[in-house]
Every structure is written in C-alpha cells, then in structure tokens.
Amino acid sequence: MYRCASCGGLLEVRHDVGELKRRKPSEWRALFDSRLGRESGVWSKKEMVLPGLDSRNIVSLGEGNSPLIKSDGFAKSIGIDEVYIKQCGTSHTGSFKDLGMTVLVSMVNQIRSKVRAVACASTGDTSAAVSAYCAAAGIPSIVFLPQDKVTIAQLIQPIANGALTLSLDTDFDGCMKIVQEITKDGSVYLANSMNSLRVEGQKTISFEIVQQLGWQVPDVIVVPGGNLGNISAIGSGFFLMRELGLIDTLPRLVCAQTEKANPLYRSYRDGFRALEPMTAGNTMATAIQIGNPVSFEKAVKVLRATDGIVEQASEAELANAAAAVDRFGFFNDPQTGVALAATIKLAQAGKIPPASRVVVVSTAHGLKFADFKTRFHEGQIPGVNSLLPNPPIRLPADVEAVRKVINGRIPA
Ligand SMILES: *Cc1c(COP(=O)(O)O)cnc(C)c1O
C-alpha cells in the first residue's frame, strides 16, 4: 500500500518516538559511533530505519558510510568558509539509491512468499540498485527504462544482474504510469520512491552527515532533486534526530533542479503554489529529468520547515560547475553538477552567507556519466561553452615533440 485511501497522498513512516527515547541522545551517539566501520551505514541505524525487520532477512551490499569530503579549494573559490561534498555515489551500484533499496529488498525478503517480483520505473540508477539487491537475494526483478534516456553504464547494470529489462518508447513519467498499472494487483512489488521504505533508508544520509561532523549540524545542505524522494528523506532524518534530541537545530535545505525539469522551482517562486506537472525537457542531468515528481508534497513540507530554498541550473551552468569542481580532485556527475551550480549561484547572490558550513550531496558516481564528461572536454555539448576544456593532446611518439608541449604547458 503506497497511498492514503482517503486523500491519495503518499504514506509516511512514523517511528515509535517514545520507544526510541528510552535511550538518551548521548547513548544513541555512543552506540552509533561504536558501530562505525563494522556495519553498513544504513543498518548501523536499524532502530531508526526498520526496527521490526528480522535481522536475518537483511539484504546488504555494504551501502552507506560514504565519505564526507571537505574541499578547501572549492570553498575558497566561492568565498564560503567550509564546503563538504557527501559522496553518496561511492556505493555498490554507484548512486545513493542503494541506501533505500537495501531496506526495500530486505522487507520483500521477509514477505517473500507473497511477492512474485520487484519492479521499478527508473531514470537509470534505481534500476541498477533494484537489480543488484534483488540478484543478491535471489528475487526476480523487472525494470522499466525510458528508451535512449539512460547512459550505457546505467543500462548495463540491470542487464548484468539478470533483471528483466524493458526499454519503453516513452520518458520516465510514461514508464511510471505503466509500472503503476502492472503493480496494481499487488503480486509485483513496486520499488519506486513512492514506497516509503526507500525514504527510510535514504534518510540515513542526514544521520551520517551529522555523525561525520562530530554530531554537529551544517548550516546548509544542497541536494539535486527530480522525483523529490531524496530531499524529503534527508529532511525527515533531521526531523527525527531533532525529536530525539540528537541535534537541536535544523540545516537550511536547498533543492537544486535543472531548468529543463523544474516544477518544484516554479512552485517555490510562487510561494510554493500547487504542483503543475510539466513535460521534462532533455537535459544532461537525466536522473532528474522528471516533470511530475511523486514526492512533491513531502518535499514542500521539509523545505518549509527548514526555511528552504529551491534553485535551478541551466545546462551550461551544470556542466561548467561539475568541471570546475572536478579541478579540485572530484569527478562529478551531471546531477551533482546541478547541486554545485546552485551552490555557486546562491553563494554569489549572498543567499548562502560567507560564514557558512555547507554540505553538497553528490548523488552518483561520475563514472556512470563518462560520456557527459568526455563531450564536455571535447567542447561537443551543443549550446554549452566549455569553460575548462582539457582534451588529450595527440602527438607522435617523439621525445622532442613531447618535451615541447610539456614546456609550453607546465611552468618550470
Ligand atoms: C534518483 C537520483 C536523483 C534524484 O533523486 P529524487 O529522489 O528523485 O529527487 C538525483 N541524482 C541521481 C544521480 C539520482 O540517481
């Protein structure tokens, strides 16, 4: 059951806060710290994620515990005191989708006899996570992908893991409609983020950020948003931590959207007016090319409660932001490029003050989007002026020719 029978809204998990309060905040912190490095990032927070699950049913591929990397170079370049990048793409299938999928597939594992298969519509990364976790548990999976709108790296993952891979002649929103029909009778389990179990796993991103900062709350967290499950999950993690006294303030949440698929941004600009679904335009940030976000209401709720901001980025802005921050030793995917561009724009506009501690959530591994980066450096993205192109230099195998280029490019 994914929606409320009377209002049609998405369901939300409510934890037994009274039960969780039997441990003091200091005891929770000590317990979580004692588990660091010994369990998956998600299941080390099991009491706050899915307490009722029999631990023998956990299907884990070592998800979570992703690095929170401080970048002094990036911080300095935008005049902000402290900037961190939470590398959620450093994960089993290369995106944060693993965090939610371990919870969902573990639950399916527990009710196995009632479920024929697990299915999802995907912009690429969800299908990779579904197929990997289902394969690990020996559960059949079915993925619905929009034809020619996912990268080869994303497409090959479900194929390799043995999922039934259906490439439909439509966009993500079209795939979503079909998968909802197919899963209606309940025999095939729906793995999209309207399933609240995913949100429960993804909310550990906020626990990890706070824990990695020594149980301190950053001022601002910037998250790229498409279907808006992740921004909602991160918000709900902070609400729970505050309710339990693990933290006393909330960060300001920023959702970053591409100009080509910006229904939340349009709503925000008009004081969070009601969602007007749109047809998403083509964007390099394919994982957030979504015009009718299923978690819109949840996202608005967390943004309102955290005095949140929604910012948008153009194709040129996202590509150049990803490349600029790559120069500080990162390898950013285009969705993270949207979040980085939003961070840069908000810093320039003074909406993120200089004396801030900012965390940018990187959602996927750049290697999944190698083509995006290759085309950028070759200057071959139509309509995008590559500001930092660094194409390979073709030379004969000749020492003098090589020496000449090195001397011309690198100061002695
Ligand atoms: C799924 C995904 C997003 C968007 O998350 P939502 O929960 O749909 O807002 C962003 N980046 C990447 C790489 C993703 O796979």
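**Entry 1: the shell around the ligand.** I sorted the residues of the shell around the ligand by type and got five nonpolar, seven polar and two charged. The model is a predicted one, and I kept that in mind for every distance below. I then looked up which of the 14 residues around the ligand come nearest: they are Lys97, Asp125, Leu228, Asn230 and Thr363.

Entry 2: I went through the contacts residue by residue. For Lys97, I found a polar side-chain atom 2.7 Å from an oxygen atom of the ligand. At Asn230 the backbone takes part, with one of its polar atoms 2.8 Å from a ligand oxygen. Thr363 uses its side chain, where an N or O atom lies 2.8 Å from a nitrogen atom of the ligand. I also looked up the cover: of the 380 Å² of accessible area that the ligand has on its own, the protein covers 97%.

**Entry 3: where the ligand sits.** I checked the site against the cavities and noted that the ligand sits in the largest cavity.

**Entry 4: Glu208.** I turned to a residue in a helix. Glu208 belongs to helix H10, which runs over residues 204–212. Is Glu208 buried or exposed? I noted it as buried, because its relative accessibility is 5% and the cut-off for buried is under 20%. I then asked what the side chain of Glu208 reaches.

Key
Residues are numbered from 1 along each chain as its sequence is written. This is a predicted model: local features need pLDDT of at least 70, side-chain atom pairs count only at pLDDT 80 or more; totals for chains, interfaces and linings use all residues. Side-chain values use heavy atoms; hydrogens and water are left out. A residue is near a molecule or strand if one of its heavy atoms lies within 4 Å of it. A polar contact is a pair of N or O atoms within 3.5 Å; within protein, one must be able to donate a hydrogen and the other to accept it, and residues adjacent in sequence count only if both atoms are side-chain atoms. Accessible areas come from the Shrake-Rupley method with a 1.4 Å probe; for residues, only the protein chains shown count as cover. On a 1 Å grid over the protein atoms alone, a cavity is a set of points where a 1.4 Å probe fits but cannot get out, and a pocket is an open set with protein on both sides within 12 Å along at least five of seven lines; lining residues have an atom within 4 Å of a point. A molecule sits in a cavity or pocket if more than half of its atoms lie within 2 Å of its grid points. Ala, Val, Leu, Ile, Met, Phe, Trp, Tyr, Cys and Pro count as nonpolar, Asp, Glu, Lys and Arg as charged, and the others, Gly among them, as polar. Helices (H or I, at least four residues) and strands (E, at least two) are DSSP runs, numbered from the N terminus. Buried means under 20% relative accessible area, exposed over 50%, partly exposed in between (1.4 Å probe, protein chains only).
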